[in-house]
Amino acid sequence: MIPYGKQDINQADIDAVVEVLRSDFLTTGPAVNRFEQAVANYCGAQHAVAVANATAGLHLACLALGVGKGDIVWTSPNTFVASANCALYCGAMVDFVDICPKTYNMSVDALAEKLAYAKQNNCLPKVVIPVHFSGQSCDMQAIKMLANEYGFHIIEDASHAIGGRYLNKPIGSCEFSDITIFSFHPVKIITTGEGGLVLTNNTEIADKVNLLRTHGVTRDVDKMQGLSDGAWYYQQIDLGFNYRITDLQCALGLSQLKRLDSFVARRNDLAKKYNMLLKNLPLVLPAVKSDTNYSAFHLYVIQIDEQKTPTTRLQVFNFLRQNGIGVNVHYIPVHTQPYYRCLGFLPGQFPQAEQYYARAISIPMYSKMTDAEQITVAQVLERAFSEIPVGQNV
Ligand SMILES: *Cc1c(COP(=O)(O)O)cnc(C)c1O
């Protein structure tokens with residue numbers, strides 16, 4: 001089976017992890033700081049805090065921006081559930097902004113319209129979480145202008161997007177946001193096994209995320225009430241969590257970071273090749289706004305073009321899986337999940353995300369993919385359209 005995504009681990013990565021195993025610190029040691037510094041430098045952001053996973057990062061980001069009961073957070077329906085759940089963890093309410101049918105990212109027009117309506121009805125969001133779907137940045141400049149006008153904070157969910165660029169700056173620079181989050185799950189661009197990272201140019205936010213990552217406990221005497229009892233002393237000054245990442249993970253991340261640019265370059269080469277190999281099939285291929293964006297290409301999503309073929313998404317998906325191609329679908333619109341239905345959301349509320357979902361298939365895309373594997377994927381896809389009998393329902 002050719003998988004839809006896969007990590008790329010070499011001997012240097014393995015050696016880096018083994019070196020930590022032989023060292024004094026398995027967690028809360030020097031590799032964590034080194035990894036944070038390296039990612040901050042890469043992105044041109046002032047502060048980086050590494051955490052257990054991106055979900056933890058999104059949760060702490062919301063808390064650091066003061067999200068709580070009675071607040072409203074908006075995100076894209078075309079995302080993993082974590083982008084919305086983070087607000088619910090804080091006791092806030094979630095709502096969604098429909099996507100642009102070209103980029104599959106949050107639509108700026110839909111956002112502007114929803115904000116104007118929310119202002120009239122006194123239900124403006126405290127935070128908006130744009131998701132850089134598949135590794136392509138949202139139109140952050142436009143979203144930031146709306147943030148200035150309506151007074152909301154921005155958390156970029158860049159789980160797909162480390163190594164990508166927007167307006168010639170690395171995604172993660174936080175030029176147009178308060179906070180950016182990366183994920184290092186093995187299917188993402190670089191991996192730490194599990195892991196995430198919070199970037200910000202705001203010192204207060206960085207301090208808060210740092211504190212909440214470790215139970216809300218501090219050893220900094222300047223932050224304590226009263227005096228320290230001695231060198232062993234710590235105080236809990238907030239309600240935090242254990243959202244730490246280990247040195248083993250950060251050593252792997254540091255080693256992976258060295259190859260980040262080559263991983264993303266390879267993904268872009270594969271995308272260009274797919275664009276050529278698949279151009280004559282009844283598919284809608286991914287569009288990158290190349291004047292502003294360099295995508296990290298976490299995913300390569302094709303859509304079945306219903307105008308051009310009677311073959312359905314389900315038929316093509318099953319054919320690919322049956323023929324050794326490990327395809328997947330990203331994403332089931334979050335508002336249609338049973339848990340969100342219980343909160344009052346209804347199918348039909350975000351039609352662009354729903355239409356996109358009905359046609360989408362993520363085909364294999366990972367830096368280690370060989371040219372031969374890619375040609376196999378293209379050939380099986382071609383066969384799907386020539387061999388699936390017309391009118392047959394699967
Ligand atoms: C993977 C992912 C997450 C969650 O990342 P974890 O590191 O697994 O917690 C959040 N948002 C998006 C868009 C993702 O793809």
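Six nonpolar, eight polar and four charged residues make up the lining of the largest pocket. Nonpolar here covers Ala, Val, Leu, Ile, Met, Phe, Trp, Tyr, Cys and Pro, charged covers Asp, Glu, Lys and Arg, and polar covers the others, Gly among them.

The model is predicted: local features need pLDDT of at least 70 and side-chain atom pairs pLDDT 80 or more, while totals for chains, interfaces and linings use all residues. Residues are numbered from 1 along each chain as its sequence is written, and side-chain values use heavy atoms, without hydrogens or water.

**Exercise: the largest pocket**

Determine which residues lie closest to the centre of the largest pocket and which element gives the largest share of its lining.

Start from the search: a pocket is an open set of points on a 1 Å grid over the protein atoms alone, where a 1.4 Å probe fits and protein lies on both sides within 12 Å along at least five of seven lines; lining residues have an atom within 4 Å of a point. Then assign them to elements (DSSP runs numbered from the N terminus: helices H or I of at least four residues, strands E of at least two). α2, β1 and α7 each give two or more residues to this lining. The largest share, five residues, belongs to α2.

**Exercise: the second largest pocket**

State which helix gives the most to the lining of the second largest pocket, and how that lining divides by residue class.

The lining holds 22 residues, with Phe80, Ser159, Ser183, His185 and Lys188 nearest the centre. Two elements, α3 (54-64) and α4 (82-89), supply two or more residues. α3 gives the most, with three residues. By class, the lining has eight nonpolar, 11 polar and three charged residues.

**Exercise: the length and faces of α2**

Second, the burial (buried is under 20% relative accessible area, exposed over 50%, partly exposed in between, with a 1.4 Å probe and protein chains only).

Third, the cover. Just after α2, glycine 44 has a positive phi of about 70 degrees.

Is isoleucine 2 buried or exposed, and with which residues is serine 173 in contact?

Isoleucine 2 sits in the segment before α1 (11-21). Its relative accessibility is 10%, so isoleucine 2 counts as buried. Beyond neighbours within four places in sequence, its contacts (heavy atoms within 4.5 Å) are Gly324, Ile325, Gly326, Pro364, Tyr366, Glu373, Thr376 and Val377.

Serine 173 belongs to the loop between β7 and β8 and is also counted as buried, at 10% relative accessibility. With neighbours within four places set aside, serine 173 is in contact with Cys43, Gly44, Ala45 and Asn201.
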